[in-house]
Amino acid sequence: MSKLIINAGKKGAKINREIYGNFSEHLGRCIYDGIYVGENSSIPNVRGMRTDIVQALKHIKLPVLRWPGGCFADEYHWKDGIGPKEKRKRMINTHWGGVVEDNSFGTHEFLDLCDQVGCEPYGNGKLGSGTVAEMSEWVEYMTFGGVSPMSALRKENGREEPWKVKYFGVGNENWGCGGNMRPEYYADEYRRYQTYVRNYDGNKIYKIACGACDFNYKWTEVLMNSAKLHMSGLSLHYYTITRSWDKKGSAVDFTEQDYYRTLNKALLMDELVANHSRIMDIHDPGKMVGLIVDEWGTWFDVEPGTNPGFLYQQNTMRDALVAAVTLNIFNKHCARVTMANIAQMVNVLQAVILTEGEKMILTPTYHIFDLYKEHQEADLVDSYIETSCTGTEESIVPDLHVSASQKGNSVHITLANLCAGESKKMEMEFPGKIANNVSAKILTGSIQAHNDFSNIDKVKLADFSGIARTGQTYEFTIPACSVMGITVCLQG
Ligand code: AHR
């Protein structure tokens, strides 16, 4: 029997809804085919955005969407993606698959998508191959309502009122695809570029500097040391790669050893966030600068027969477990982690949605976002869980993983059983409180279970009614390879 204790009296920081964000890049079938099919498509759409996708994203209360990249952002000419579509320039997407990008999805379409979904836009500007003027003009185009060349251009293109754009990234992976810069050089460039990312008409931009990849603590140190006063957020990218970059392994056809190896790698997020936060704490004890994990998720070999540059992979219960532990980690670090964006939203890497023609699949990862949405804007509460070790000799992981939050009298607990084949008996208590009205949902399946286009609902959320109460103790059994969302109402 494992004990789970929820200390509802011991509150932490607020869990920003933006932790549950997504990322969408002009990569493979994420934008075209995935989100945007054009007004003339036979697939139901509103101004070109797939209605089924918009509905699905509204259902999980998607809070924020990052666009247009990724590496693509650092060579994107925003002016090619505005104005009459037939006149928009065509280009080759050199980063991703060498396909023609016709720019039919540009700034207006992205901001329309965010409006339809009801989420905040997070635009990522070009620094590596751009100019200060180009970045500055983009912000002016989107957010300035007064008299100016960019404001006039926007109006010419049919949008009278400026948009509100809350989040803006100044470059992407500038240590790599964004210019191969040294941190000292990027820090200076960041200071210069961000000067011209202006706040117009009451639109206050939350400026995000390009942060480190994985364990590059020096990058965080240099950026915090030399540019912290000029940023609201500093990013971090970390992908869960089971084996190695050149042999990542299949997304669906894997062994139990691979499963634990993947979870072991995913759990490193805790160490990474803690260590980058520690450096940030030294320079910013008041936590004015948020840690923005704007690319995270699993990265496997592409599905056989698909374009290697499109990064299309399936999504199993293993991915669901990765999402569950990662989101628990972000919740626990919510005093510093203020936003995160899974890579990527549709048809790319650890996608929440997959499409094939007019068909759409909600992946196991989607269901985790659904199960966890109750945490958005709630206060973190202290949770303690008795764990033991599971896994293989080379990849030991804890058997159970949890986070909990409270909004009003309602406490939401997300609990994962990482064991591939062993269910766990649980005893749950709320010291000093009376907990009533317990309800729960569960996502469960074998480690390789997934949805495909011939069986779209193999893995889905189900009500869980197996929680028994004795006095103030709740008992239940969580099946192997499962994630539960439990909600209780507190008194006292
Ligand atoms: O998400 C795919 C790519 O991974 C992004 O374009 C880049 O930022 C990262 O290396």
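**Close-up 1. Packing of helices α8 and α9.** In this predicted model, α8 and α9 pack with their axes 8 Å apart and at an angle of about 35°. Axes are lines fitted to C-alpha atoms, for helices over the stretch in contact, and angles run from 0 to 180 degrees between N-to-C directions. The crossing of α8 and α9 is right-handed (the near helix is turned clockwise from the far one by less than a right angle). Met 317, Asp 319, Ala 320, Ala 323, Ala 324, Leu 327, Asn 328 and Asn 331 of α8 are in contact (heavy atoms within 4.5 Å) with Pro 364, Thr 365, Ile 368, Phe 369 and Tyr 372 of α9. Helices (H or I, at least four residues) and strands (E, at least two) are DSSP runs, numbered from the N terminus.

Residues are numbered from 1 along each chain as its sequence is written. Local features need pLDDT of at least 70, side-chain atom pairs count only at pLDDT 80 or more, totals for chains, interfaces and linings use all residues, and side-chain values use heavy atoms, with hydrogens and water left out.

Close-up 2. Ten strands form an open sheet of mixed pairing, in the order β23-β22-β26-β20-β19-β16-β1-β21-β25-β24. β23 (462-463) and β24 (468-470) are the edge strands, each with a single partner, so one side of each lacks a neighbour in the sheet. Strands count as paired if DSSP finds at least two bridges between them. β1 (residues 2-14) and β16 (residues 379-385) run antiparallel and are joined by six bridges; Lys 11 has Val 381 of β16 as its bridge partner. Helix α8 (residues 317-332) lies across β16, β19, β20, β22 and β26, at about 50° to β19. Helix α9 (residues 364-372) lies across β20, β22 and β26, at about 10° to β26.

**Close-up 3. The closed barrel.** Eight strands with parallel pairing form a closed barrel in the order β2-β5-β8-β9-β10-β11-β12-β13. Its neighbouring strands are turned by 30° against each other on average, direction ignored. Two bridges join β2 (residues 21-23) to the parallel β5 (residues 64-67), and Asn 22 stands opposite Leu 65 in β5. Helix α6 (residues 217-227) lies across β10 and β11, at about 150° to β10.

**Close-up 4. The ligand site.** Of the 13 residues around the ligand (a heavy atom within 4 Å), Glu 25, Cys 71, Glu 173, Tyr 239 and Glu 295 come nearest. A side-chain N or O atom of Glu 25 is 2.7 Å from a ligand oxygen, and a backbone N or O atom of Cys 71 is 2.8 Å from a ligand oxygen.

Notes. Polar contact = N/O pair within 3.5 Å; in protein donor to acceptor, adjacent residues only side chain to side chain.
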